[in-house]
Amino acid sequence: MNQFFHSVTLDKDKCMGCTNCIKRCPTEAIRVRGGKARIISERCIDCGECIRVCPHHAKKAKSDSLDMIQNFKYKIALPAPTLYGQFNHLDDIDIVLSGLKKMGFDEVFEVARSAELVSEVTRKLMQAGKLEKPVISSACPAVVRLIRVRFPDLCSHVLQLNSPMETAARLAKREAMKKTGLPRSQIGAFFITPCPAKVTAIKMPISCKKSEVDGAIAISEIFAKLAAEMEGLKSVEPLAHSGIIGVGWASSGGESSALLNDKYLAADGIENVIRVLEELEDEKIRELDFIELNACSGGCVGGVLCVENAYVAKARLQRLRRYLPVSQNHIDGKMPSGMEWQKNLLFAPVLKLSDDMDEALRMMADIDKIRGELPGLDCGSCGAPTCRALAEDIVRGFAKKNQCIFIMREEIKNVADALSSMGTFPSQNDEEDKKR
């Protein structure tokens, strides 16, 4: 809990101190102090909402450079199905995959292939009654981290299967080792990512000790070069091995529909996700078997590292899926090794006030008291997202009450009245009398 990696970073030179980001952060991980935003590292879940809403482009996502692939003798590209929706008039996935090989990759392993395997394993586990219902998808790492810090009672409901990205890397490396005879250390697997949360999931995984993915390259970084390579193709290799189910994971509802079970809910957009999780925690949602949640609007097609509008990309994928079979990947017998989590999902108490219960209760009482003294407008002018967040910051010693502009205005008025009573400064009433 002492060290955190975050793909979402802040450029203080570009930050203008506006409050757009603090109002959108789902874990209240951002404050504006001294005219600049500050990200509270332990609270950030790398959902990318601050990147999406910052008008000054002060928030950005770290990802790996394409040059990183040169560190490995055998290079594997792991394209997310979202990538296909970035290109207009695409009717053959092989064009994209062949373009990736021309860019310097030795092999391409579609993440959509492993998505079909994850769907089948999930379906079999649910049919066997081995999962606690409702099952919450673990595909979106931002949602998993949100549950981990804000909804501890729901941790046991999260599907403990590795994401298609992680599963693809493991399967791709096994195939490459058999094909080339090279050791695992000389084989690099690189995910073509639509969002910063996936980058964090690689650098600081929750489900395992170390990710088999060696790097994450943003779709926005390689898009122009890939498009140029695709236009210059003289021949197209038959590389695609995925179907409607796998490609459908790119947009909201794709994972759920693959389970062939109509007792599901699919929600996208971080505010909608939080609303669903709150109702789950309050046990208002009982009749569902599976819940698919995506932090980005529209699903992964809405990731901040994409180049195309989420709904345009979704429409393109719907057209592309018409040319595909239902599924091309199936489990023969038992589940392939490496698909299950190595660690259980545990609550990360980053929001708790104190390790000492008595101290925490005292601090909660102080927060409620201060909160009652604040105006309750949640305007964000103080640099905190809500009045309660400011009250918490005051109790923790990170802020002062007069950072609220309404309290500061009242203090200034009191000072002005005190000075006027000494005859050294005209009061507001004196100025009004003169105007009359």
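Reader: Why is glutamate 49 called buried?

Author: Glutamate 49 has a relative accessible area of 3%, and buried means under 20% (exposed is over 50%, partly exposed in between, with a 1.4 Å probe and protein chains only). So glutamate 49 is buried. One heads-up: this is a predicted model, where local features need pLDDT of at least 70 and side-chain atom pairs count only at pLDDT 80 or more, while totals for chains, interfaces and linings use all residues. Residues are numbered from 1 along each chain as its sequence is written, and side-chain values use heavy atoms, leaving out hydrogens and water.

Reader: What makes arginine 52 and glutamate 49 a salt bridge?

Author: Their closest N and O atoms are 3.1 Å apart, and the rule asks for a side-chain nitrogen of Lys or Arg within 4 Å of a carboxyl oxygen of Asp or Glu. The two sit 3 residues apart in helix H2 (residues 49-53), so about one helical turn separates them. Helices here are DSSP runs of H or I with at least four residues, strands are E runs of at least two, and both are numbered from the N terminus. Arginine 52, at 36% relative accessibility, counts as partly exposed.

Reader: How do you know that arginine 24 and glutamate 271 link distant parts of the chain?

Author: Arginine 24 is in helix H1 and glutamate 271 in helix H11, 247 residues apart. Their closest N and O atoms are 2.7 Å apart, which makes a salt bridge. Both residues are partly exposed: arginine 24 at 29% and glutamate 271 at 44%. Arg24, Glu49, Arg52 and Glu271 are also linked in a network of salt bridges.

Reader: Why does lysine 179 count as exposed?

Author: Its relative accessible area is 59%, so lysine 179 is past the exposed cut-off. Lysine 179 also meets glutamate 107 in a salt bridge, at 2.9 Å from N to O. That pair joins helix H6 to strand E6 (residues 107-108), 72 residues apart in the chain. The count for the model comes to 29 salt bridges.

Reader: What makes up the largest nonpolar core?

Author: The largest nonpolar core has 36 residues, with Ile76, Leu78, Phe109, Phe191 and Val213 having the most contacts inside it. To belong, residues must be buried Ala, Val, Leu, Ile, Met, Phe, Trp, Tyr or Cys, joined through side-chain atoms within 4.5 Å. Strand E5 (74-79) and helix H4 (111-127) are among the elements giving two or more residues, and H4 gives the most, with 7.

Reader: Which residues does threonine 27 contact, leaving aside its neighbours within four places in sequence?

Author: Among them are Arg43, Cys44, Leu146 and Leu351, where contact means heavy atoms within 4.5 Å. Threonine 27 lies in the loop between helix H1 (20-24) and strand E2 (30-33). Its relative accessible area is 3%, so it is buried.

Reader: What makes E7 and E10 edge strands?

Author: The open sheet of 3 strands runs E7-E11-E10, with parallel pairing. Strand E7 (135-136) and strand E10 (264-268) each have a single partner strand, so one side of each lacks a neighbour in the sheet. Pairing takes at least two DSSP bridges, and E7 and strand E11 (residues 290-294) have 2. In one of those strands, E11, phenylalanine 290 is the bridge partner of valine 135.
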